[in-house]
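Student: Can we go through this structure together? I'd like to learn where the labels come from.

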Amino acid sequence: MLMWAVEKGREVVIRKCYENGIFAEAVDNDGWTAMMYATRRGNIDIINIMLQFGASLNHATNEDKFTALHMAAGNELVEVCLALIKAGANPNQRDSEGKAAVDYLKDPKNKEKLRDCMEATYSGGKTYDQIHKHRVEAGQEKSVSFQRIHSGKYTGKGDPCNDDDDEED
């Protein structure tokens, strides 16, 4: 029921599934989670609902070892990629071919945007695991990289992973 509701974009049904105890990490025969279906569709609203109910971002499929982030990148859904990284998806997780999600983006501008976001989110020489632990303890705190600050891409206001979110003075 949950997978069907995600595929159809039925927000009310998804909430009811979770509220009635359907496990957020239920998988189909190929190892796909509902989060992966939502990501493939590019539905940020559904992704946000699923995150509220504890859906994992780093589960990998059985055979290819794709994550939700790999699927978003493979479909050139860069805004979904950015949202997943901001929510805690591991951008360094590799699939069965040893590729990270960024390797699946074809558009060079999208690759640059994703790399900028990764650098801004995971800067300071810390590993993903260190950052994730810190985020859990400190409530999703982000740091902005030296390069992003001095490149003029980040003004110090708004979201460091979204150039369009910088506020004007």
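This is a predicted model: local features need pLDDT of at least 70, side-chain atom pairs count only at pLDDT 80 or more; totals for chains, interfaces and linings use all residues.

Student: What makes the pair of Trp32 and Tyr37 tilted?

Tutor: Rings of Phe, Tyr and Trp (its six-membered ring) pair if their centres lie within 6.5 Å; planes under 30 degrees apart are stacked, over 60 edge-to-face, and the rest tilted. The centres of Trp32 and Tyr37 are 4.9 Å apart and their planes are at 45 degrees, so the pair is tilted. A search of the whole structure finds three aromatic pairs.

Student: And why is the pair of Phe66 and Tyr104 called edge-to-face?

Tutor: Phe66 and Tyr104 are 5.5 Å centre to centre, with 65 degrees between the planes, and that makes an edge-to-face pair. The two are 38 residues apart, with Phe66 in the loop between α4 and α5 (68-74) and Tyr104 in the loop between α6 and α7 (108-121).

Student: How do you know whether Phe66 counts as buried or partly exposed?

Tutor: Phe66 has 24% relative accessibility, so it counts as partly exposed. Tyr104 comes out at 17%, so it counts as buried.

Student: What makes Ala100 buried?

Tutor: Its relative accessibility is 4%, so Ala100 counts as buried. Ala100 sits in the loop between α6 and α7. Leaving aside neighbours within four places in sequence, Ala100 is in contact (heavy atoms within 4.5 Å) with His70, Pro91, Gln93 and Arg94.

Student: How do you know what counts as a helix?

Tutor: Helices (H or I, at least four residues) and strands (E, at least two) are DSSP runs, numbered from the N terminus. Here that gives nine helices and zero strands.

Student: Which residues of α4 are buried, and how do you know which side they are on?

Tutor: In α4 (residues 44-52), the buried ones are Ile46, Ile47, Ile49 and Met50. They cover an arc of only 160 degrees around the axis, which puts them on the same side of α4. That arc is taken from the directions from the helix axis to the C-beta atoms. An α-helix has 3.6 residues a turn, so residues three or four places apart point the same way. The buried residues of α4 pack against α1 (2-8), α2 (11-19), α3 (34-41) and α6 (78-87).

Student: What is at the ends of α4?

Tutor: Asn43 caps the N-terminal end, with a side-chain oxygen 3.2 Å from the backbone nitrogen of Asp45. Just after α4, Gly54 takes a positive phi of about 85 degrees.

Student: Which residues touch the most other members of the largest nonpolar core?

Tutor: A nonpolar core is a set of buried Ala, Val, Leu, Ile, Met, Phe, Trp, Tyr and Cys residues joined through side-chain atoms within 4.5 Å. Of the 37 residues in the largest one, Val6, Ile14, Met35, Met50, Leu84 and Leu114 touch the most other members. α1, α2, α3, α4, α5, α6 and α7 each supply at least two residues of this core.

Methods: Residues are numbered from 1 along each chain as its sequence is written. Side-chain values use heavy atoms; hydrogens and water are left out. Buried means under 20% relative accessible area, exposed over 50%, partly exposed in between (1.4 Å probe, protein chains only). A polar contact is a pair of N or O atoms within 3.5 Å; within protein, one must be able to donate a hydrogen and the other to accept it, and residues adjacent in sequence count only if both atoms are side-chain atoms.
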